[in-house]
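Reader: I am new to this structure and would like to go through it slowly. Could you start with the terms and then move on to the pockets?

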Amino acid sequence: MKIGAREIILPAVGFAIGAVVAALLTATAFWLIRNSPTQSTSRADAITQRCFDTLLAATAANNYDQFVSVADDTFRSRITPVAFESISQSLAPRMQRGCTPTYLGQFQQNGAQVSLWRLAFSDGGDDRLARMSMSQ
């Protein structure tokens, strides 16, 4: 049995059409994400930035009181001094050698505004993802 041009051309055309449709759907999805009203610009608002900077500085300095200074009672009860010390001891040395936080964006969850941050360390080790939730 011989394969004719028709048997080759029809699947090739179908594949090409599928690839174009997939590309259009992907481009549309990226456009929607980038232009979504809940998608942030490249910077956090002033209050979010100030709170995050406080948390970051407190972690680097192993200062629990500073860390909870921007927290509500629920947060304070969940992050005990012992738990904070453990986190601070693991991150502070890396942060003190150099840490670049990058704001990734924000979203709504359970009535709170949640922001995401990438922490890139100068030591070349793994980055960390920081999540900060703020409510009224």
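Author: Two strands count as paired if DSSP finds at least two bridges between them, and strands (E, at least two residues) and helices (H or I, at least four) are DSSP runs numbered from the N terminus. This is a predicted model, in which local features need pLDDT of at least 70 and side-chain atom pairs count only at pLDDT 80 or more, while totals for chains, interfaces and linings use all residues. Residues are numbered from 1 along each chain as its sequence is written, and side-chain values use heavy atoms, with hydrogens and water left out.

Reader: Okay, how many bridges join S2 to S3?

Author: Seven bridges join S2 to S3, and the two strands run antiparallel. In their hairpin, which has six residues between the strands, glycine 124 takes a positive phi near 80 degrees.

Reader: And which residue stands opposite serine 133 in S3?

Author: That is valine 114.

Reader: Where does asparagine 110 lie, and is asparagine 110 buried or exposed?

Author: Asparagine 110 lies in the loop between strand S1 (99–109) and strand S2 (112–121). Asparagine 110 counts as exposed because its relative accessibility is 82%, where exposed means over 50%, buried under 20% and partly exposed in between, with a 1.4 Å probe and protein chains only.

Reader: Changing topic, what volume does the largest pocket have?

Author: The largest pocket has a volume of about 980 Å³. A pocket here is an open set of points on a 1 Å grid over the protein atoms alone, where a 1.4 Å probe fits, with protein on both sides within 12 Å along at least five of seven lines, and lining residues have an atom within 4 Å of a point. The volume is the space filled by probe spheres set on the points.

Reader: Which residues are the closest to its centre?

Author: Of the 30 residues that line the largest pocket, the closest to its centre are Leu55, Phe75, Arg131, Met132 and Ser133. The largest share of that lining, seven residues, comes from S3.

Reader: What about the second largest pocket, which element gives the most to its lining?

Author: S2 gives the most to the lining of the second largest pocket, with four residues, and the volume of that pocket is about 200 Å³. Of its 14 lining residues, the closest to the centre are Thr48, Gln113, Met134, Ser135 and Gln136.
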